[in-house]
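Reader: I'm new to this one and would like a walk through it. Can we take it piece by piece?

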Amino acid sequence: MRKRLVIGNWKMNGSLAANQVLLSDLVNGLTKTSNCLVAVCPSFPYLAQVQSCLQNSVVSWGAQDISIAESGAYTGEVSANMLKDFACRWVIVGHSERRTYHGERSEVVAQKALRAVEHGITPVVCVGESLANREAGQTLAVIEEQLAPVLALDSSVVSQIVVAYEPVWAIGTGLTATPAQAQEVHAFIRTQLATVGAADVQILYGGSVKADNAANLFTMPDIDGALVGGAALNAKEFLAIIAA
């Protein structure tokens with residue numbers, strides 16, 4: 001039985017004061033009997049604060065990116081060992097914003113996923129198509145291309161990842177894939193994972209997930225949870241998604 005998982009991606013948002021309130025409300029709103037895993041991924045500067053606030057709670061934490069390099073002259077990069085210093089359990093790799101704004105290729109995403117697994121951190125590998133891709137009927141072809149370098153890794157590595165399907169046209173736009181649209185892609189991803197013996201990998205949906213659409217999305221058989229963007233910055237909204 002795959003465990004449900006809800007991760008909040010704070011993106012480039014937050015402050016020490018706002019984070020303190022959000023984390024406190026989140027911890028106080030959850031019980032140790034929650035039926036799903038919960039995590040947040042803040043910007044790098046706030047990892048120490050998040051670790052301090054959450055270390056004795058049921059909420060885990062992670063980062064929004066990881067370097068392929070172990071150390072050295074890579075200005076602006078953050079290594080796996082640095083993330084381990086802050087007890088990060090998760091790291092997001094290949095988010096569409098990284099692919100779009102920083103030109104990250106699928107091969108680089110796979111290398112980042114491998115680096116995370118090598119250091120005991122679970123990579124959340126993001127895939128998703130643009131609106132133009134979907135309108136051209138290319139959704140599954142795009143997903144297949146983005147997943148291919150990851151699936152080419154050793155099966156023991158692939159079995160330790162999480163996949164997040166985030167249709168680019170639904171991120172931050174208020175648009176959301178219908179449960180049926182999301183399920184079609186999730187089922188395809190699971191079929192792809194099965195080819196390397198990793199069919200039980202958790203597959204999350206991301207793309208304007210909110211309290212009022214989460215329950216319907218979570219009824220789909222291949223949707224194991226959510227990678228939540230803006231709604232994760234509101235404790236009441238995020239807790240409602242977790243409850244769903």
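Author: Let's start with a term: contact means heavy atoms within 4.5 Å. Keep in mind, too, that this is a predicted model.

Reader: Which residues of helix α2 are buried?
Author: Buried means under 20% relative accessible area. Helix α2 covers residues 47-54. Its buried residues are L47, Q49, V50, Q51 and L54.

Reader: And what covers the buried residues of α2?
Author: Both helices and strands turn up in the cover. It includes the helices α1 (16-29) and α3 (80-85), along with the strands β2 (36-41) and β3 (59-63).

Reader: How many disulfides does the structure hold?
Author: A disulfide is a covalent bond between the sulfur atoms of two cysteines. Here, a pair of cysteine sulfur atoms would have to lie within 2.5 Å to count. The number of disulfides in this structure is 0.

Reader: How far away is the nearest cysteine sulfur for C41?
Author: C41 is in no disulfide. Its nearest cysteine sulfur belongs to C88, and the distance is 7.7 Å.

Reader: What about C53: buried, partly exposed or exposed?
Author: C53 is in no disulfide either, with the nearest cysteine sulfur, that of C88, 14 Å away. The buried class is for values under 20%, and the exposed class for values over 50%. C53 has 25% relative accessibility, so it counts as partly exposed.

Reader: Where does UniProt place the feature "active site"?
Author: The record is an unreviewed entry, and such annotations may be inferred rather than shown by experiment.

Reader: Is H95 buried or exposed?
Author: H95 sits in the loop between β4 (90-93) and α4 (96-102), and the lining of the largest pocket takes it in. Its relative accessibility is 4%, so H95 counts as buried.

Reader: Where is the place of E166?
Author: E166 is buried, because its relative accessible area is 6%. As for its place, E166 is in the loop between β6 (162-165) and α9 (179-194).

Reader: What joins the side chains of E166 and H95?
Author: Leaving aside neighbours within four places in sequence, the residues in contact with E166 include H95, C126 and I171. H95 in turn touches E166, and C126 and I171 are also among its contacts. The side chains of E166 and H95 are joined by a polar contact of 2.9 Å.

Terms used
Residues numbered from 1 in each chain as written. Predicted model: local features only at pLDDT ≥ 70, side-chain atom pairs only at ≥ 80, totals over all residues. Heavy atoms only, no water. Buried < 20%, exposed > 50% of the residue type's maximum accessible area, 1.4 Å probe, protein only. Helix = DSSP H or I, 4+ residues; strand = E, 2+ residues; numbered from the N terminus. 1 Å grid on protein atoms, 1.4 Å probe; cavity = no way out; pocket = protein on both sides within 12 Å on 5 of 7 lines; lining within 4 Å. Polar contact = N/O pair within 3.5 Å; in protein donor to acceptor, adjacent residues only side chain to side chain.
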